[in-house]
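Colleague: I'd like a close look at one part of this model, the place where one pair of chains meets. Please take me through it in one go, and then show me how the other pair compares.

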Number of protein chains: 4
Amino acid sequence: MTTKFKRGFASDNNSGVHPTIMQAILKANEGHVVAYGDDPYTKSAVAKFKEIFGPETQVYFVYNGTGANVLGLQAMTKPFNAIICAQTAHINEDECGAPEKHTGCKLLTLPTEDGKIRVEQIRPLLHAKGNEHHAQPRVISITQATELGTVYGPDEIEAITRFAHDNGMLVHMDGARISNAAASLGTGLREITRDVGVDVLSFGGTKNGMMFGEAVLVFDPELARDLKYIRKQSTQLASKMRFIAVQFESLLTDNLWLENATHANRMARLLEKKVRDIPGVEITQDVEINALFVRLPKEVIPRLQEESFFYVWDDQNSIVRWMTSFDTTEEDIEAFVNLLRKQLASG
Amino acid sequence: MTTKFKRGFASDNNSGVHPTIMQAILKANEGHVVAYGDDPYTKSAVAKFKEIFGPETQVYFVYNGTGANVLGLQAMTKPFNAIICAQTAHINEDECGAPEKHTGCKLLTLPTEDGKIRVEQIRPLLHAKGNEHHAQPRVISITQATELGTVYGPDEIEAITRFAHDNGMLVHMDGARISNAAASLGTGLREITRDVGVDVLSFGGTKNGMMFGEAVLVFDPELARDLKYIRKQSTQLASKMRFIAVQFESLLTDNLWLENATHANRMARLLEKKVRDIPGVEITQDVEINALFVRLPKEVIPRLQEESFFYVWDDQNSIVRWMTSFDTTEEDIEAFVNLLRKQLASG
Amino acid sequence: MTTKFKRGFASDNNSGVHPTIMQAILKANEGHVVAYGDDPYTKSAVAKFKEIFGPETQVYFVYNGTGANVLGLQAMTKPFNAIICAQTAHINEDECGAPEKHTGCKLLTLPTEDGKIRVEQIRPLLHAKGNEHHAQPRVISITQATELGTVYGPDEIEAITRFAHDNGMLVHMDGARISNAAASLGTGLREITRDVGVDVLSFGGTKNGMMFGEAVLVFDPELARDLKYIRKQSTQLASKMRFIAVQFESLLTDNLWLENATHANRMARLLEKKVRDIPGVEITQDVEINALFVRLPKEVIPRLQEESFFYVWDDQNSIVRWMTSFDTTEEDIEAFVNLLRKQLASG
Amino acid sequence: MTTKFKRGFASDNNSGVHPTIMQAILKANEGHVVAYGDDPYTKSAVAKFKEIFGPETQVYFVYNGTGANVLGLQAMTKPFNAIICAQTAHINEDECGAPEKHTGCKLLTLPTEDGKIRVEQIRPLLHAKGNEHHAQPRVISITQATELGTVYGPDEIEAITRFAHDNGMLVHMDGARISNAAASLGTGLREITRDVGVDVLSFGGTKNGMMFGEAVLVFDPELARDLKYIRKQSTQLASKMRFIAVQFESLLTDNLWLENATHANRMARLLEKKVRDIPGVEITQDVEINALFVRLPKEVIPRLQEESFFYVWDDQNSIVRWMTSFDTTEEDIEAFVNLLRKQLASG
């Protein structure tokens with residue numbers, strides 16, 4: 001049997017659905033259940049999340065990552081607030097201004113080499129506090145793992161959350177790849193989120209083998225008080241909710257989330273190992289999850305893209321991004337490395 | 001084999017996915033394709049829509065109905081505009097204020113007995129035009145079929161669109177149940193939308209057998225110029241888009257949309273036939289699609305709900321709503337009518 | 001000396017500034033004071049408000065009535081809330097959708113014959129509470145005096161505020177003509193606002209003899225916590241604040257507010273007395289403040305407008321609005337009544 | 001006669017109203033005129049602006065600078081757009097997030113040493129164009145004179161406007177101190193705005209001797225099509241408009257705008273001359289308008305502030321801002337320099 005559409009290294013969004021999750025979807029497709037989340041599948045998936053993150057955790061399923069981020073940020077802010085994040089943050093770079101539009105807030109962005117931000121960068125922004133002429137800093141949003149494929153250690157996160165809470169602020173974590181981060185660190189999910197002071201987490205599903213669906217997790221129920229209204233008004237309430245819920249239930253059963261993430265991470269490290277010594281290839285970020293950032297000779301990039309598509313990350317500096325996925329195989333890597341060698345040779 | 005979750009008459013949202021559509025999903029789950037809609041499944045589904053609605057039609061897949069409505073309305077308005085609709089309109093009653101939040105516009109609502117609005121009601125609102133103190137009427141939004149299960153005839157729609165266009169306004173149609181309307185009228189989809197002057201259509205998929213997914217159709221490409229940005233900023237851009245697209249492709253193939261809608265409509269008429277002469281039952285709206293609005297003795301309602309859940313539509317007047325679905329069977333109806341008779345008898 | 005621009009009956013907005021207030025402005029124009037409200041004039045004017053309304057009262061000066069309303073409503077709501085008001089309310093009819101744009105909320109409007117709303121009308125709207133599909137009622141906004149020139153009695157207000165508070169809602173009062181209402185009722189300002197449960201008051205200055213300026217009064221300091229940021233973000237923070245403050249200080253000194261309002265009200269009653277028995281003239285609302293609503297023969301209206309401009313209130317029913325002002329004289333009325341008689345005679 | 005409130009160097013906002021303008025206000029205070037701008041004073045002031053900027057110029061009076069900026073930006077953008085500006089821009093730093101809240105747009109900020117931005121900095125931001133994941137650059141907003149007291153030459157402005165127009169973008173100018181800039185350059189107002197390609201100008205009045213009031217000038221009538229609705233919905237439509245209009249009429253008569261600005265600029269240069277050689281004083285920006293940025297020994301600042309208040313601009317670097325005004329006198333400067341010398345000596 002031939003695969004009509006080849007697997008590549010463009011994005012973990014380009015993969016399909018993990019077979020176990022697809023089976024769970026199929027099984028959930030019988031009879032009628034109440035729409036909008038008042039169904040047994042949703043109850044069961046919520047229970048799984050509470051097992052992992054603690055019983056107070058409030059769980060709101062949504063369609064996608066931008067939706068999850070926008071919901072969490074709305075729950076934490078008023079329009080005159082500022083949200084502090086890395087310049088590279090998805091909420092800043094890749095959501096077409098959705099955070100500003102939905103919250104009314106200003107984003108205060110910090111330069112970063114590795115996708116992470118540090119307390120020392122945030123501290124000077126507090127001069128705005130109490131001054132009505134300035135947007136009031138209220139949320140620090142960090143991405144775990146970062147958009148540059150790096151991972152915050154638990155202590156790094158805690159330094160940020162402690163600083164935030166000491167200064168009347170809250171911490172949002174964009175966890176589109178939280179599973180890859182936990183797999184990389186060898187920790188559980190709770191140890192790098194709730195236990196180190198994160199207030200609201202966008203828990204990613206789609207990039208880790210689901211068809212669609214993310215979860216907004218709120219660890220302080222008071223913060224979640226309005227979330228059901230915010231979700232509905234933000235167009236993120238699914239009618240046939242069971243089909244998001246059952247995917248999460250499947251992902252959280254028998255550590256499928258970890259298995260998928262571990263595999264994807266391992267494939268990235270394998271790819272790194274196979275390319276790092278090839279002349280003309282320069283790895284520009286630590287490979288901590290399922291992403292490689294690689295500087296290539298400029299003329300090689302389009303030719304390689306033509307054979308196996310991927311995205312240019314930084315055009316000026318000739319840096320591209322390669323991502324592995326839960327379904328990446330060693331053969332995929334072998335084939336891709338061969339293409340790379342061929343193109344570099346013919347450069 | 002027993003069905004764990006019984007089918008009922010609460011909502012067409014409570015049903016699952018039509019088996020043909022589920023098969024299409026399964027088949028689409030192989031290999032990698034580019035995310036966010038630049039994939040062959042999306043191209044193919046868009047082509048199907050263009051076949052039906054004409055080649056200029058611009059097609060934007062989204063997650064749900066509120067998303068579709070909010071996108072269309074944003075494309076048609078500026079924040080100082082007013083959107084005219086029936087008081088019963090989903091955009092007014094059932095979207096938690098999403099249209100106001102996303103567009104900034106005022107909703108001007110018109111009373112209605114049957115879910116439809118008429119030109120005579122709209123005309124007086126035009127006094128606001130040109131006066132900066134008043135929100136400027138820009139869009140008339142109608143629902144086809146209406147939230148009360150009634151259907152606009154093509155001439156009724158055309159009267160509204162002509163009036164709108166003559167007065168510098170546009171017409172939005174919330175077509176969450178557009179297939180049921182076409183099935184009811186015996187027309188094609190285009191004859192009751194584009195051909196009678198509708199500018200933007202929310203084309204419903206979820207209520208007609210899909211797992212999730214709606215389409216925003218824009219018949220004037222100029223109106224769609226910004227829609228890709230609006231979709232992204234409104235959190236409605238799906239990463240694994242192929243899984244929405246392939247459902248629509250399936251729904252639009254071999255007239256599955258029509259088959260599903262026709263069946264649901266037929267089941268509603270059968271239910272009507274079986275209950276209309278039962279003492280204590282009063283049908284309050286014409287049964288034109290897959291919905292019945294029924295006045296019942298007040299004390300009977302909760303007892304019947306306990307046996308087979310459905311929603312009270314109008315508490316004060318003791319009116320309930322029963323909906324059929326693509327998967328409703330004659331046995332379901334038989335059983336439900338028996339429950340009803342029993343509860344009425346024991347009243 | 002001739003007056004270049006004649007006084008008329010179009011609006012209390014068409015008059016200029018009361019001479020006492022103008023003198024106060026002149027006196028305030030010396031030296032430098034800190035901008036944005038941290039100046040002695042503002043302190044003094046705030047103190048005057050606290051004398052009248054109690055020391056906990058929080059006072060925010062703004063430029064105009066729409067600004068005042070939009071600030072108060074923002075302080076009381078989140079975007080998924082609904083604001084309940086009369087269909088005739090200024091916030092609904094005359095602010096070009098500003099409340100929806102600034103708050104994101106839905107306005108739920110109630111029909112009214114006399115500009116007032118009643119608890120019986122509001123009660124059915126509470127069915128939405130707790131249901132995420134519906135905008136959540138949070139504020140009842142009433143206008144005192146109403147846009148139809150009528151006045152709520154203290155007991156009428158208290159019935160609404162008690163109902164609101166019993167149901168987790170707040171009460172906003174648009175007091176663009178609060179002084180005229182107090183003058184009409186013969187009460188103080190506090191008795192018809194704070195003492196009967198109003199939470200936030202837009203206190204009108206411009207229509208009662210000021211050049212520009214309104215005040216947002218918040219009686220529960222907790223509700224005002226964010227107001228300084230909301231005011232700035234809403235473009236309503238005046239840099240040379242002293243010039244608003246000193247006007248209010250003047251208005252609140254020696255009961256100038258009451259003197260102006262009483263005079264305007266008296267002029268309206270005089271006008272009523274002089275026209276009510278003229279054939280062809282029908283007074284359609286009780287004349288309780290400085291406004292008359294009058295049905296006239298249709299053809300007379302434009303001819304009379306040409307001689308002395310005023311606004312048509314209800315074109316279909318041939319009803320016009322005449323307003324008196326702090327500077328209206330008995331001679332103005334005499335002359336206007338003569339014009340009216342002449343036009344009616346030549347009808 | 002003693003001045004109750006001493007003049008200082010904190011801000012041109014701390015001064016009062018120029019006597020000529022105050023006289024104009026007094027003269028305008030007679031009789032009734034139609035509210036909301038349909039009055040002879042407004043017509044006359046608009047005509048003055050058209051004389052200066054050309055007859056196509058559309059003129060909208062508003063209350064303040066944030067209002068003017070927010071109106072202009074709304075006229076030029078849709079919510080998915082990005083607005084490019086200097087990090088130091090008033091719209092970014094000093095409006096409490098008003099631009100984001102009112103427009104929904106993202107602000108893309110550029111670092112700057114002198115308050116100006118350059119085309120080379122803007123060019124890389126264009127990579128976002130056409131990509132739905134990124135906010136779409138649409139407006140470049142520059143401040144003239146800048147927040148750091150520097151002035152763009154006409155050629156510098158033209159380089160930016162040409163680049164903007166070549167790339168489908170528009171240019172907004174925050175001209176809160178446009179008169180000071182023209183006075184500094186020795187040009188007319190039109191030569192540094194419309195003639196060099198600026199599309200929309202916030203024309204400042206308050207900081208140059210008015211009580212309140214700014215004007216939004218739009219040079220392409222098409223861009224102004226919605227502005228009257230935007231102004232009303234943004235709470236910036238004054239009812240007694242004549243009192244803004246007459247101030248502008250006065251400011252634009254006999255070059256009062258230029259006289260005031262020239263004087264203020266001259267006072268700043270005088271202050272510079274008197275302090276620049278004092279040990280411990282370092283001027284950190286070119287003194288091109290009525291502002292000085294000065295590095296002082298840290299411990300001297302609070303002591304000097306206590307005697308004559310001014311703002312610290314950059315706490316970390318010990319830089320303060322001193323501003324002169326239309327009413328600053330040579331004696332004021334003499335006295336302030338003496339205070340400075342005294343404090344530095346006792347340091």
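Modeller: Happy to! Chain D and chain C bury about 5000 Å² between them, with 55% of it on carbon and sulfur atoms; buried area here is the accessible area, taken with a 1.4 Å probe, that two parts lose on being put together, summed over both. On the chain D side, Phe5(D), His32(D) and Lys240(D) lose the most area to chain C, together 16% of what that side buries.

A word on conventions before we go on. This is a predicted model, in which local features need pLDDT of at least 70 and side-chain atom pairs count only at pLDDT 80 or more, while totals for chains, interfaces and linings use all residues; side-chain values use heavy atoms, with hydrogens and water left out. Residues are numbered from 1 along each chain as its sequence is written, and chains are lettered from A and ligands numbered from 1 in the order in which they are written.

Back to the interface. Chain D brings 60 residues to the contact and chain C brings 61, where contact means heavy atoms within 4.5 Å. Of the interface residues of chain D, 100% are also interface residues in chain C, so the copies meet through the same surface. The geometry goes with that: a rotation of 180° with 0.0 Å of shift along its axis superposes chain D on chain C, with an RMSD of 0.0 Å (least squares on the C-alpha atoms of residues with pLDDT of at least 70 in both). The two copies are thus related as by a two-fold rotation axis.

What holds the polar side of the account? There are zero salt bridges between chain D and chain C, a salt bridge being a side-chain nitrogen of Lys or Arg within 4 Å of a carboxyl oxygen of Asp or Glu. Polar contacts, however, number 45 residue pairs between chain D and chain C, both residues at pLDDT 80 or more. A polar contact is a pair of N or O atoms within 3.5 Å; within protein, one must be able to donate a hydrogen and the other to accept it, and residues adjacent in sequence count only if both atoms are side-chain atoms.

Several helices of chain D supply at least two residues each to the side that touches chain C: H1 (19–28), H2 (40–53), H3 (65–76), H5 (98–103), H9 (227–233) and H10 (242–251). Helices (H or I, at least four residues) and strands (E, at least two) are DSSP runs, numbered from the N terminus. H3(D) gives the most to this side, with four residues. By class, the side of chain D that touches chain C divides into 24 nonpolar, 24 polar and twelve charged residues. Here Ala, Val, Leu, Ile, Met, Phe, Trp, Tyr, Cys and Pro count as nonpolar, Asp, Glu, Lys and Arg as charged, and the others, Gly among them, as polar.

Now for the other pair. Chain A gives 61 residues to the contact and chain B gives 60. Together chain A and chain B bury about 5000 Å², 56% of it on carbon and sulfur atoms. Phe5(A), His32(A) and Lys240(A) supply 17% of the area that chain A buries against chain B, more than any other three residues. Between chain A and chain B there are zero salt bridges, and 45 residue pairs are in polar contact, both at pLDDT 80 or more. Among the helices of chain A that each supply at least two residues of the side touching chain B are H1 (19–28) and H3 (65–76). H3(A) makes up the largest share of that side, four residues. The class count for the side of chain A that touches chain B is 24 nonpolar, 25 polar and twelve charged residues.

One to look at is Arg7(A) with Asp332(A), whose closest N and O atoms are 2.7 Å apart. This pair links distant parts of the chain: Arg7(A) is in the segment before H1 of chain A and Asp332(A) is in helix H13 (residues 330–346) of chain A, 325 residues apart.
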